[in-house]
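User: Can you walk me through this model? I'd like to start with the ligand and then move on to the fold.

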Amino acid sequence: MSNIHPDVDRMLFSAEEIEACLRAMGAEITAHYRDEPPVVICVLKGAVYVVSDLTRYIDADIELDFMVVSSYGSDTKTSGVVRIIKDLDMSIEGRHVLVIEDVIDSGLTLKYLLRNFAARGARSVEVAALFWKRGAQKIDIHARWIGFEIEDEYIVGYGLDYNQKYRNLPYVGVIKPKIIASHSSKECM
Ligand code: PRP
């Protein structure tokens, strides 16, 4: 897939730029958890590629678990009402937890997760996200590791979807506005 997808307006980050960023992040995470490896939580589906690449750059005996959450909202915006579709398999009580996300937009999904993990008795909870949408957060939220700060544009690729498509693009790009417009016009409300 060397050519840019016809539905993508422009590439923001190449596969090589993403890899370099995650390598550096992995080294920092390795140093941070020198004494005790964390349970790494992958928030599916969007984070699947970030987690599979980033964890290979973490030189520690991490454990890996998965959650599937779904946020009610429109195609492009989260409402903040989060439903757990698949919960963790392991207990995180007394454990260091590292949540890996692809993107933090409104921050509402993450806020829900942080509260949820704290209630389960996690010893610490940190967040690593590949993308942070500048100025989009609706609440006060913090991520210890952020790959790239980006403008509040609709991005796809490397796990990020629009209408479940484009996740498998090896790069991240901005989707053409007409793709979103054409889909929205078919909706009743
Ligand atoms: C995306 C992304 C984050 C969340 C961020 O997931 O993976 O989990 O949105 O948005 P927020 O900061 O506004 O809450 P999405 O709900 O699109 O599901 P997906 O991971 O299955 O694509």
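Analyst: Below we go through the ligand site, some strands and a few single residues.

User: Ground rules before we start?

Analyst: This is a predicted model: local features need pLDDT of at least 70, side-chain atom pairs count only at pLDDT 80 or more, and totals for chains, interfaces and linings use all residues. Numbering runs from 1 along each chain as its sequence is written, and side-chain values use heavy atoms, with hydrogens and water left out.

User: Which residues come nearest to the ligand?

Analyst: Glu101, Asp102, Ser106, Gly107 and Thr109, out of 15 residues around the ligand. A residue is near a molecule or strand if one of its heavy atoms lies within 4 Å of it.

User: How much of the ligand does the protein bury?

Analyst: 83% of the 500 Å² that the ligand exposes when taken alone. Accessible areas come from the Shrake-Rupley method with a 1.4 Å probe; for residues, only the protein chains shown count as cover.

User: Which elements give two or more residues to the shell?

Analyst: Strand S5 (96-104) and helix H3 (108-119). S5 gives the most, with four residues. Helices (H or I, at least four residues) and strands (E, at least two) are DSSP runs, numbered from the N terminus.

User: And the shell by class?

Analyst: Four nonpolar, five polar and six charged residues. Ala, Val, Leu, Ile, Met, Phe, Trp, Tyr, Cys and Pro count as nonpolar, Asp, Glu, Lys and Arg as charged, and the others, Gly among them, as polar.

User: Back to S5. How many bridges join S5 to S6?

Analyst: Eight, and the two strands run parallel. Two strands pair if DSSP finds at least two bridges between them. Glutamate 101 stands opposite alanine 129 in S6.

User: Why is S6 called largely enclosed?

Analyst: Because nine of the ten residues of strand S6 (residues 124-133) are buried. Buried means under 20% relative accessible area, exposed over 50%, partly exposed in between (1.4 Å probe, protein chains only).

User: What touches methionine 25?

Analyst: Leu54, Ala128, Ala129, Trp145, Ile146 and Gly147, not counting residues up to four places away in sequence. Contact means heavy atoms within 4.5 Å. Methionine 25 lies in helix H1 (residues 15-32). It is buried, at 6% relative accessibility.

User: What about aspartate 65, buried or exposed?

Analyst: Buried, with a relative accessible area of 2%. Aspartate 65 sits in strand S3 (residues 63-73). Its side chain reaches the backbone nitrogen of aspartate 89 at 2.7 Å. Among the residues that aspartate 65 touches are Val40, Cys42 and Lys86.

User: New topic. What is the strand order in the open sheet of three strands?

Analyst: S1-S9-S8, with antiparallel pairing. Strand S1 (8-13) and strand S8 (155-156) stand at the edges with a single partner strand each, so one side of each has no neighbour in the sheet. S1 and S9 pair over four bridges, and phenylalanine 13 has valine 172 as its bridge partner in S9. S8 and strand S9 (residues 172-175) pair over two bridges, with isoleucine 155 opposite valine 174.

Conventions. A polar contact is a pair of N or O atoms within 3.5 Å; within protein, one must be able to donate a hydrogen and the other to accept it, and residues adjacent in sequence count only if both atoms are side-chain atoms.
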